[in-house]
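Please look over the sequence and the structure shown here before reading the notes that come after.

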Amino acid sequence: MLSNLGFGNLRTFTKNLKIIAMDLELKNINKSFNEFKLFDNFSILFKENIITSIIGPSGCGKTTLLNIICKTCKLNSGNIIGLDRKEISYIFQEPRLLPWKTVKENIQFVIKDLYPKRKQKIIIQKLLQIVELENFGNHYPSQLSGGMCQRVAMARAFSNSSDIILIDEAFKGLDIKLKQNLIRIFKKIWIKYNKTVIFVTHDIDEAIQLSKEIFVLSKPSVNIKHKFQLQDTFSESDYNTVKKEIIELID
Amino acid sequence: MKVSITKNKIYTSISIILMILVWKLASVFLASDFILPSPEDTVLAFVNIILAKKFFVTISYTILRGLIGFSISIILGVVLGIFSGINNSFYSFLKPILITIRSTPVISLILLALIWFNIDSVPIFIAFLTMFPVICTNVTSGIQNTDTNLIEMAHVFKIKKYRILHEIYLPSILPYIFSGASSALGFGWRAVIIGEVLSQPQYGIGTFMQSAQTYLIVKDVIAWTIIAVIISYAFEFGIRKFENFYKKP
């Protein structure tokens with residue numbers, strides 16, 4: 001049947017394949033640093049198109065897990081399933097913007113080779129609107145506040161139509177008001193683009209507010225202590241119960 | 001801020017006036033044009049030199065030698081500096097060569113250059129040897145100090161290597177290139193003039209300084225020195241202007 005397919009059809013076929021596939025699964029992964037075994041036959045499954053949070057004590061390999069997924073950290077052994085042909089974006093703890101480029105140029109930096117100029121312009125405009133920075137496109141990062149820079153980083157992460165977005169404590173160190181604003185904007189942008197998001201955090205409130213699933217990890221060698229599945233809306237008492245359970249698990 | 005700038009200018013002026021005053025007093029005390037001419041005589045000599053027919057040819061030759069040496073140093077310094085910044089083995093290979101060049105006295109280099117090269121190339125060669133290591137070392141440390149977080153970000157977003165070099169490394173090392181160029185030129189002018197003094201090309205500030213010294217015309221030696229200082233300042237000023245032009249907020 002494949003031989004009957006024209007080139008165009010083949011492209012739609014592979015694209016459809018991409019659509020039906022698939023959750024992201026890390027299966028029996030092993031990762032050691034010298035003698036220290038961080039992951040020993042560890043497995044975890046991230047469902048497609050939802051926000052999944054990972055919570056755990058310091059040093060439980062949360063960031064390493066993200067680095068393994070985006071392939072900046074090599075595995076000793078194990079499989080990653082559902083990553084083929086998938087593009088990955090990352091929102092780091094720090095905005096990591098290029099100080100010599102304007103806000104627009106910073107977003108353009110990651111999509112320059114992907115789309116023609118006109119499309120780049122439209123994407124940037126649209127994203128700046130969503131992150132409420134439409135009037136700051138020509139500003140340099142040094143002219144923006146920390147929260148604004150982080151919003152640019154969010155826009156950048158969603159600009160390249162990646163399938164998976166990794167977030168590493170992106171709201172850490174911000175005051176409560178600013179954090180709530182960023183979470184609101186992140187939700188807004190996520191609803192619009194609906195991607196698979198893996199969100200590493202220390203902050204239980206952030207995790208409950210944002211995610212559909214929460215994994216609580218143990219200290220090394222790492223395993224999943226508990227997996228929470230959350231409703232879209234829940235009462236204050238439910239919220240508090242989940243929070244209490246997570247606190248107990250981490251302690 | 002404005003007040004402190006005016007205040008600084010006052011102090012600078014006082015310092016210059018004081019230097020001239022000490023010079024004047026010393027010349028009166030020594031009372032010999034062969035040892036130390038007065039500032040007025042030197043100014044007269046300065047004006048005479050500037051008005052002389054061959055003045056522009058003379059300084060043009062010196063500037064040209066400096067600029068040729070500088071251009072070769074910038075090109076090689078930036079290219080090799082980038083390589084040694086991103087490749088540790090090349091850094092280990094280049095380091096001893098740079099250290100050897102830097103720690104060899106300029107005079108030894110000139111004496112060897114006088115044997116190896118023709119007269120006109122000696123000052124250029126010396127300028128290159130003094131400027132190249134400074135620029136190269138600066139570029140290397142610029143690359144080594146480039147924010148690794150930005151590089152990691154670029155890798156995650158699958159940015160092509162040449163774009164990482166062009167859009168992250170190059171802007172990061174630009175301040176290092178400018179500061180390297182600025183201090184290299186400081187050394188470079190001195191080296192060019194020393195080279196000219198010893199190799200005696202037909203035209204050059206050093207050539208005229210040497211002949212003034214031979215005939216004990218001290219005011220001419222000082223006047224040429226002042227000209228050399230002005231040229232050096234002018235280039236440093238130019239580099240700073242160029243840097244400000246490239247600086248982004």
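The report below takes up confidence, the contact between two chains, and one residue.

## Confidence in chain A

The model is a predicted one, and chain A has an average pLDDT of 86, with 92% of its residues scoring at least 70. Within chain A, the highest confidence belongs to helix α3 (residues 103–111), at a mean of 96, whereas the lowest belongs to helix α1 (residues 7–20), at a mean of 48.

Across residues 1–8 of chain A the pLDDT is below 50, and this stretch makes two contacts in the model beyond its near neighbours in sequence. Where pLDDT is low, predicted coordinates should not be read in detail.

## The side of chain B that touches chain A

Contact between the chains involves 13 residues of chain B and 16 residues of chain A. On the side of chain B that touches chain A, the elements giving two or more residues are α7 and α8 (161–199) of chain B, and α7(B) gives the most, with six residues.

Sorted by class, this side of chain B consists of seven nonpolar, two polar and four charged residues.

## B:Met153 in helix α7

Helix α7 of chain B, which spans residues 148–156, includes B:Met153. Once its neighbours within four places in sequence are left aside, B:Met153 is in contact with A:Phe92 and A:Arg96.

Is B:Met153 buried or exposed? B:Met153 counts as buried because 24 C-beta neighbours lie inside 10 Å, and the cut-off for a buried residue is 20 or more.

Methods:
Residues are numbered from 1 along each chain as its sequence is written. Chains are lettered from A and ligands numbered from 1 in the order in which they are written. This is a predicted model: local features need pLDDT of at least 70, side-chain atom pairs count only at pLDDT 80 or more; totals for chains, interfaces and linings use all residues. pLDDT is the predictor's confidence in each residue, from 0 to 100. Helices (H or I, at least four residues) and strands (E, at least two) are DSSP runs, numbered from the N terminus. Two residues are in contact if their C-beta atoms, placed from the backbone, lie within 7 Å. A residue is buried if 20 or more other C-beta atoms lie within 10 Å of its own, exposed if 12 or fewer, and partly exposed in between; C-beta atoms are placed from the backbone. Ala, Val, Leu, Ile, Met, Phe, Trp, Tyr, Cys and Pro count as nonpolar, Asp, Glu, Lys and Arg as charged, and the others, Gly among them, as polar.
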